[in-house]
Amino acid sequence: METRRIAQIGVLVSLAMVLSYLESLFPVFLAVPGIRIGLANIAIVFALYHLGFRAALGISVVRVVLSALLFGSVISMSYSLCGALISLAMMAILKRSGLFGTVAVSVVGGVSHNLGQIAVACLILQTKAIAYYIPVLILSGVVSGVVIGIVSAVVIARLEGE
Amino acid sequence: MKGVKSDRNTAIRDIVLILAIALVGLCLLFFNGRKTTPGSSVVVEVDGKTVASYPLDTDGVFVLNGGTNTLEIKDGKARISDADCPNMQCVRQGWISRGGQSIVCLPNKLIVTVTSSDRSVDYIL
C-alpha cells in the first residue's frame, strides 16, 4: 500500500472518530432511539469516493469499534456496526450504479444506517414494538443525509481539485 | 464542481430518489398516526417477556425489573422517570400515551409499550 494512502486512511479514521465524539455531545438527538446526525458519515462518504470501497469499509469498522470502546459500550457497538455495514453496502451499490450523486448516496446511507440499527434492536430485544419509530427514522435519515451529502460533495470537490 | 458528477441528470435523479424516500417516510408516518388511538394501559417487557402491565388511568410510580428502571404514570401518560444506565436514553424519551408508542431501554433490554384495548391487536403485529 502506498504511504500516502495509509496516511490518508489514518487521518480519516481519526476524523471519523472526532466526528462521532462530537455527535455524542448532542443528547437532544437521542430523544428517539436510533436517531443520529451521522457526522462521521462525512468521512466515510469521502473515503468511498476518494479511496474506494475497501478503504471506506476499513475506516468504518475501525471507527465503530474504537468509538464504542471509547465513548459507548459493547452493546451499542453491535447496533452501530450493523448500521454502519448496511449503510456502507447500500452507498457502495448506489455509487457503483453511476446514476446518482453524492447527496443521494449519503441520504441512502443515512436512512439505511438508521434502519439497520433498528433491525438489530428488534432482534436483540425480541420485539417489534420499536418498529413504530421507522417513519421518524426514515425522515431524520433523509434530512441529515442531505446535509451530510452536501458537505461531503463540497469536501470531495475541494480535495480532488488540489 | 470538479471531481463530482454533478451533471443535470444526476441531480434530477438524486432529487427524485430523495423525494421518493421522504414520501415513503411520510406515508408510514401518516399510516402510524391514523392507526394510533389513545392507549389504555402500558405493558412492560424485559428481554422479550411481558413482566408487568399497568392501566394508564391510575396514577402511580412503579419500580421495574428489580430496580433498574422506574415507571411513572400520570394523567393518562407514562414515562420512565429514573434508570440506572449511564446515558438515561429511556428517561429522555419522555411521556408516551398513544397506542403503539414505546420507550426502549437498550442496556436493560426493557421496553414499555402503550396498548389500546380496542386496537392493540391491530398494532402489535
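In the predicted model, chain B contains an open sheet of three strands, arranged in the order β3-β4-β5 with antiparallel pairing. Strands here are DSSP runs of E with at least two residues, helices are runs of H or I with at least four residues, and both are numbered from the N terminus; two strands are taken to pair if DSSP finds at least two bridges between them. From one strand to the next, the twist averages 25°, where axes are lines fitted to C-alpha atoms (for helices, over the stretch in contact) and angles run from 0 to 180 degrees between N-to-C directions. Strand β4 (residues 69–74) of chain B is joined to β5(B) in the antiparallel sense by six bridges. Within β5(B), B:D82 is the bridge partner of B:T70.

Chain B as a whole has three helices and seven strands, which follow one another along the sequence in the pattern α-β-β-β-β-β-α-β-β-α. Of its 125 residues, 43% are buried, that is, under 20% relative accessible area, with exposed meaning over 50% and partly exposed in between (1.4 Å probe, protein chains only). Among contacts (heavy atoms within 4.5 Å) in chain B between residues at least 6 apart in sequence, 36% link residues at least 24 apart. The accessible surface of chain B amounts to about 6900 Å², and carbon and sulfur atoms contribute 59% of this; areas were computed by the Shrake-Rupley method with a 1.4 Å probe, and for residues only the protein chains shown count as cover.

In chain A, helix α4 (residues 74–97) comprises 24 residues and, at 1.5 Å a residue, should span 34 Å, which agrees with the 35 Å between its end C-alpha atoms. The expected span is 1.5 Å times one less than the number of residues. Buried residues of α4(A) include A:S80, A:G83, A:A84 and A:S87. After α4(A) comes A:G98, with a positive phi near 70°.

Residue A:H113 lies in helix α5 (residues 102–125) of chain A. Its relative accessibility is 4%, and A:H113 therefore counts as buried. Leaving aside residues up to four places away in sequence, A:H113 touches A:R36, A:S80, A:G83, A:A84 and A:S87.

Residues are numbered from 1 along each chain as its sequence is written, while chains are lettered from A and ligands numbered from 1 in the order in which they are written. Local features need pLDDT of at least 70 and side-chain atom pairs count only at pLDDT 80 or more, whereas totals for chains, interfaces and linings use all residues; side-chain values use heavy atoms, with hydrogens and water left out.
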